[in-house]
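Please look over the sequence and the model below before reading on; the briefing that follows goes from the whole chain to single sites.

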Amino acid sequence: MACRWSAAWSMGLVLAIATPARADLPVDTAVQVLQAQGCWAQLGGVSESVQAYLLAAVDADPSANAAKRRQMAALSLALQKAFAPERLRQSVAKSVAKSLSAQDAADIRQWYAQEPGLTVVAMEGQAPTRPPEAPLTLSPDRRDLLGDVLAARGLVEVQTEVLIQSLQAIHKGTVAFMPSAAKVSDKALKQRLEAQRGSLAQGLWQAALATSGVGYAPLSNAQLAQYRDFLRSPVGQRLVMVQRQAIERALRDAVDETALQLMAGATGQQPATVPR
């Protein structure tokens, strides 16, 4: 037995020496990457979107009496805390810091430190969050380029995830207040939303295309093509994948945090902390 342990320990030591340890990026560096890519600004608008979905649900409910509206107000407060911009941003930044290499971060920051990256950085911070009221007239080439950028960024997929997680958070919150009012279980709702993911994304695509038509207006077709090519590059795709995974985790944590906040409020206890 001792020989087996010694052999296993020795092999582990060899692997540890042969495999360089991966150090996490500084969180500040991850923040800079997320700010440049526009993710920082987008996370700031998630809470507003969640509140809009809740308001729509309340307005669509003809049985929403005064007592139910008070309960929805408490749910609204729990959602604000769970989906607070700073909470989501820090969660995503920490995840990205653990997943991107220092070389990846350096390559990403270098691209955004020169044109057209500089224009993209300035533009992302001021990008509209809603499509324009008047329809845009886009040339076929421009429309194709915008579609390529949206696809490479995975923007619609992230927006779809925000919608799905928001609806799940609202459902969990409603059930926490009124268990008898639940017509479907959390599991059944999740399955239903997953089955509708494709159609939800399709509905968001046109709005995203119109919004990007305004937001990316400062970029020429040539610059937009350069942005697309960067996003399609290996480092660009690693950034998109890491960022998307980090956002999805932060959203799932926010859903759980909403339920914890409401249950704590109902029992008068301090809410527990969702494991990170």
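**Briefing on the predicted model**

Of the 276 residues in the protein chain, 39% are buried, where buried means under 20% relative accessible area, exposed over 50% and partly exposed in between, with a 1.4 Å probe and protein chains only. This is a predicted model in which local features need pLDDT of at least 70 and side-chain atom pairs count only at pLDDT 80 or more, whereas totals for chains, interfaces and linings use all residues. Residues are numbered from 1 along each chain as its sequence is written, and side-chain values use heavy atoms, with hydrogens and water left out.

**Whole chain**

- The protein chain has 14 helices and zero strands, taken as DSSP runs (helices are H or I, at least four residues; strands are E, at least two) numbered from the N terminus.
- Among contacts with a separation of 6 or more, 84% join residues 24 or more positions apart, a contact being heavy atoms within 4.5 Å.

**Helix H6**

- The 15 residues of helix H6 (residues 85-99) should span 21 Å at 1.5 Å a residue, which agrees with the 21 Å between its end C-alpha atoms; the expected span is 1.5 Å times one less than the number of residues.
- Buried residues in H6 include Leu88, Arg89, Ser91 and Val92.

**Two sites**

- Pro131 lies in the loop between helix H8 (117-124) and helix H9 (140-153), and is partly exposed, with a relative accessible area of 40%.
- Leaving aside neighbours within four places in sequence, Pro131 contacts Ala207, Ala210 and Thr211; Pro131 and Ala207 are 76 residues apart in sequence but 5.7 Å apart in space, C-alpha to C-alpha.
- Ser166, in helix H10 (residues 155-177), is buried at a relative accessible area of 0% and, not counting residues up to four places away in sequence, touches Val50 and Tyr53.
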